[in-house]
Amino acid sequence: MRSELSCWLPYDLTFEDGNWKCLWIYGGEHHFNEPFFDETIQLLKIKKGSNRFFSCTSLSFLLDTALPSPPVPLTCFIFHVSRCGSTLLSQSLSVDHKHIVISEAPIFDQILRMGELDASISENEIEELFKKTAAWYGQNRTNEYQKYFIKLDSWHIHFYERLRKWFPETPFYFLSREPNAVVTSHLKRRGIHAIPGYVNSSLLKINLTEQHYQDFNYYTEIVLDNFYKGYLNVLAEHHPLNYFYDYGSGSNEMLYHFYQKILVQNSVPEENLQRLTKHSKDASVIFNGDEKVSYQIKHVDVILNYKLLLEKISSLSCAK
């Protein structure tokens, strides 16, 4: 018999007058296969109906309430530098109805960044909230789930030390791509971290200047360079559960690499491979390759650090 709380998910945090509140939504047996979790939330808001039990609680309720059932263990965190195949990877994984795939759920970012709004919250509290929220999302809502993946936001590379400390035995998968391709993708549809001031600049390790507001592309190059530097720092750690792949080596190869390293499988189901032939953000559209855009990188360091990163990733592949 299911608990009254089965299939409920915390999806948003608010901070008003010094108090945190948690908003909840009913997930039911909906299989998460939308490209981004904010799309899932909008869909669930339409599906869930009006007043089912509750929708707003204190943080203590989230922390103190036992899960309705044991969650599926977290299989892997997916890190990325944006526009590097991570959405395509998560979409391909979500084809399998034995996989829970959470793609950039806003609440995980909110928890990691609670200190920006509330200086009184402790590191231990943030850790406890993050782990408990991850467990709520790991509910086996269909009784079919066997694997569980969380794709983080691109700037979460700057939370690596914290996340690795919290999840020492969980595989981390890092996706990269060459800077020209990443920046030109943002020329067509700019992500929020590619807009000066939209994401906390200190989090992105940038001291904002007037030049950044005058040239969004230059700003994006510096953001990307700091992502590469973060990856290089992670590589220097030589953690045995960190795995790296560069999208320049191919999308099919990316999926095979992920299945081999994370799922310990040498083959990939055909239906998962077929998802790679469609647009990452719209499965109804056949993908015909990225549109070529002429662009010249201005921040030279981003090229140098990417080349160094690629050399290190290549050396890892050769060593194994």
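The following dialogue explains how several terms apply to a predicted model.

Visitor: Why is Ile107 called buried?

Guide: Buried means under 20% relative accessible area, exposed means over 50%, and partly exposed lies in between, with a 1.4 Å probe and protein chains only. Ile107 has a relative accessible area of 0%, and is therefore buried. Ile107 belongs to helix α4, residues 106-112; helices are DSSP runs of H or I with at least four residues, strands are runs of E with at least two, and both are numbered from the N terminus.

Visitor: Which residues does Ile107 touch, leaving out those up to four places away in sequence?

Guide: Ile107 touches Pro10, Tyr11, Asp12, Leu13, Thr133 and Tyr137, where contact means heavy atoms within 4.5 Å. Ile107 and Asp12 are 95 residues apart along the chain, and their C-alpha atoms are separated by 5.3 Å.

Visitor: What makes Asn143 exposed?

Guide: The relative accessible area of Asn143 is 63%, so Asn143 is exposed. Asn143 lies in the loop between α5 (123-137) and β6 (147-151). Its phi is near 65°, a positive value in a residue other than glycine.

Visitor: Where is Arg83 found, and what is its phi?

Guide: Arg83 is found in the loop between β4 (76-80) and α3. Its phi is positive, about 55°, although Arg83 is not a glycine.

Visitor: Why is Ser317 called partly exposed?

Guide: Ser317 has a relative accessible area of 46%, and is therefore partly exposed. Ser317 lies in helix α12, residues 300-319.

Visitor: How do you know whether Ile157 is buried or exposed?

Guide: Ile157 has a relative accessible area of 4%, so Ile157 is buried. Ile157 is found in the loop between β6 and α6 (160-166). Apart from neighbours within four places in sequence, Ile157 is in contact with Phe79, Phe174, Phe227, Gly230, Tyr231 and Val234.

Visitor: What is meant by a nonpolar core?

Guide: A nonpolar core is a set of buried Ala, Val, Leu, Ile, Met, Phe, Trp, Tyr and Cys residues joined through side-chain atoms within 4.5 Å. The largest such core here has 96 residues, among which Ile102, Phe108, Tyr148 and Tyr173 touch the most other members. Helix α9 (residues 216-237) supplies the largest share of this core, 11 residues. Not counting residues up to four places away in sequence, Tyr148 has contacts that include Val72, Pro73, Ile102, Phe108 and Tyr137.

Visitor: Why are α7 and α9 called oblique to each other?

Guide: Axes are lines fitted to C-alpha atoms, for helices over the stretch in contact, and angles run from 0 to 180 degrees between N-to-C directions. Angles under 35 degrees count as roughly parallel, over 145 as roughly antiparallel, 65 to 115 as roughly perpendicular, and the rest as oblique. Helix α7 (residues 179-188) and α9 pack at an angle of about 135°, with axes 10 Å apart. The two helices are therefore oblique to each other.

Visitor: Which residues of α7 and α9 meet?

Guide: Pro179, Val182, Val183, His186 and Leu187 of α7 meet Asn217, Thr220, Glu221, Leu224 and Tyr228 of α9. The residues of this contact between α7 and α9 divide into six nonpolar, three polar and one charged; Ala, Val, Leu, Ile, Met, Phe, Trp, Tyr, Cys and Pro count as nonpolar, Asp, Glu, Lys and Arg as charged, and the others, Gly among them, as polar.

Visitor: What makes Thr220 count as buried?

Guide: Thr220 has 3% relative accessibility, and so counts as buried. Thr220, in helix α9, touches Val183, His186, Arg190 and Ala194, not counting residues up to four places away in sequence.

Visitor: What makes α3 oblique to α10?

Guide: The axes of helix α3 (residues 86-94) and helix α10 (residues 251-261) come within 11 Å and cross at roughly 60°. That angle makes α3 oblique to α10. The contact is made by Leu88, Leu89, Ser92 and Leu93 of α3 with Ser251, Met254, Leu255, Phe258 and Tyr259 of α10.

Note on methods:
Residues are numbered from 1 along each chain as its sequence is written. This is a predicted model: local features need pLDDT of at least 70, side-chain atom pairs count only at pLDDT 80 or more; totals for chains, interfaces and linings use all residues. Side-chain values use heavy atoms; hydrogens and water are left out.
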